[in-house]
Amino acid sequence: MLNSSAPRSPRPYFHLPAWRSAFAAMTLVLVGGWLVPPAPAQAEKALDREAVERIIREYLLKNPEIMVEVQQALEAKQKAERDAQIAATLNQRRDTIFNSANQGVIGPKDAPITIVEFFDYNCSFCQRAMEDMNVLLGNEKDVKFVLKELPILGPESVEASRISTAVYRAYPDKYGEFHNKLLGLEGIKNGERALAIARDMGLDTKKLEEIGARGDVLDAFREANALATSLGINGTPSYVLADEVVFGALGHAVLAEKLTAVRKCGKTSC
């Protein structure tokens with residue numbers, strides 16, 4: 001999964017430790033009326049903080065399962081909100097997700113099924129997932145991949161993606177070969193290594209450097225970043241297939257199973 005940031009990474013989720021979030025929620029509930037009765041109308045002084053905390057502590061020690069229940073309810077609420085946001089993004093920004101000009105395409109251009117992958121050239125899991133992509137492209141003739149450059153693992157990733165973006169803009173038919181060669185390298189991938197591959201492939205490196213230096217290349221990265229944030233993606237590789245966001249390098253068999261469902265009912269789960 002993607003685990004770092006740059007140029008502007010998807011905002012990571014912040015999780016309170018389970019006992020802290022549960023305790024916070026329980027405090028609201030208990031003070032709200034379960035255990036602490038309202039003060040008499042004539043007693044205008046504030047509740048004794050120490051007394052309230054002592055009551056809450058004693059109650060939780062006697063009923064620790066309440067903390068688990070509150071934590072589970074909190075997680076369920078957060079998941080429901082996240083799922084609703086993802087569904088809204090898939091609906092409202094579908095054309096940008098699947099058909100933006102800011103993405104390279106590997107596979108048959110007219111393939112009816114599209115798998116969108118968010119990746120970083122310096123993500124080791126993305127390197128592993130590259131083989132999954134190639135297996136699927138070899139076995140599934142009705143599938144193409146569109147690749148969202150999401151260089152979040154440092155300036156080297158940004159440099160590499162600048163050149164990669166230039167390749168799919170200037171030489172779209174060469175992008176698949178270039179992508180596999182660059183992502184398949186061991187060690188850090190950067191602009192220099194990306195240009196070396198392009199040179200070996202006979203591409204015009206001066207032209208690629210000029211295209212890669214343009215400001216609209218960063219706009220492409222920002223577009224991918226905004227989509228990733230709205231889709232709840234905070235790691236690479238992540239995929240969008242039909243109605244689902246798939247997080248992580250789960251293997252080609254998992255994606256193949258989802259493809260079977262998409263062919264049957266248009267969704268990843270029928």
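A residue counts as buried when its relative accessible area is under 20%, and as exposed when that area is over 50%. Values in between count as partly exposed. The structure described here is a predicted model.

**Helix H3**

By that cut-off, H3 has several buried residues: Ile 66, Val 70, Gln 71, Ile 86, Thr 89 and Leu 90. The helix covers residues 65-92. Its length can be checked. With 28 residues at 1.5 Å a residue, H3 should span 40 Å. Its end C-alpha atoms lie 41 Å apart, which agrees. An α-helix has 3.6 residues a turn, so residues three or four places apart point the same way.

**Cysteines**

How many disulfides does a search of the whole structure find? It finds one. The link joins Cys 265 to Cys 270, with an S to S distance of 2.0 Å. A disulfide is a covalent bond between the sulfur atoms of two cysteines. The angle about the S-S bond is -95°, and the link of Cys 265 and Cys 270 is left-handed.

| Residue | Relative accessibility | Class |
|---|---|---|
| Cys 123 | 4% | buried |
| Cys 126 | 1% | buried |
| Cys 265 | 34% | partly exposed |
| Cys 270 | 54% | exposed |

Cys 270 is exposed because its 54% is over the cut-off of 50%. Cys 123 is buried because its 4% is under 20%.

Ala 129 sits in helix H5, which runs over residues 124-139. Is Ala 129 buried or exposed? Its relative accessibility is 1%, so Ala 129 counts as buried. Leaving aside residues up to four places away in sequence, Ala 129 touches Glu 117, Pro 237, Tyr 239 and Ala 249. Phe 119 is ten residues from Ala 129 along the chain, and their C-alpha atoms are separated by 9.5 Å.

A cis peptide bond joins Thr 236 and Pro 237, with omega about -5°. Past S4 comes another loop, between S4 and strand S5 (244-247), and Ala 242 is found there. Phi of Ala 242 is near 55°, a positive value in a residue other than glycine. Most residues other than glycine have a negative phi, and most peptide bonds are trans. Ala 242 has 10% relative accessibility, so this residue counts as buried.

**The cavity**

A search of the whole structure finds one cavity of 30 Å³ or more. The largest cavity has a volume of about 40 Å³. Which residues line the largest cavity? They are Asp 132, Tyr 239, Val 246, Gly 248, Ala 249, Leu 250, Gly 251, Val 254 and Leu 255. By class, this lining has six nonpolar, two polar and one charged residues.

Val 254 and Asp 132 are 122 residues apart along the chain, yet their C-alpha atoms are separated by 9.8 Å.

Technical notes. Residues are numbered from 1 along each chain as its sequence is written. This is a predicted model: local features need pLDDT of at least 70, side-chain atom pairs count only at pLDDT 80 or more; totals for chains, interfaces and linings use all residues. Side-chain values use heavy atoms; hydrogens and water are left out. A disulfide is a pair of cysteine sulfur atoms within 2.5 Å. Buried means under 20% relative accessible area, exposed over 50%, partly exposed in between (1.4 Å probe, protein chains only). On a 1 Å grid over the protein atoms alone, a cavity is a set of points where a 1.4 Å probe fits but cannot get out, and a pocket is an open set with protein on both sides within 12 Å along at least five of seven lines; lining residues have an atom within 4 Å of a point. Grid points are joined across faces, edges and corners, and a volume is the space filled by probe spheres set on the points. Ala, Val, Leu, Ile, Met, Phe, Trp, Tyr, Cys and Pro count as nonpolar, Asp, Glu, Lys and Arg as charged, and the others, Gly among them, as polar. Helices (H or I, at least four residues) and strands (E, at least two) are DSSP runs, numbered from the N terminus. The expected span of a helix is 1.5 Å times one less than its number of residues. Contact means heavy atoms within 4.5 Å.
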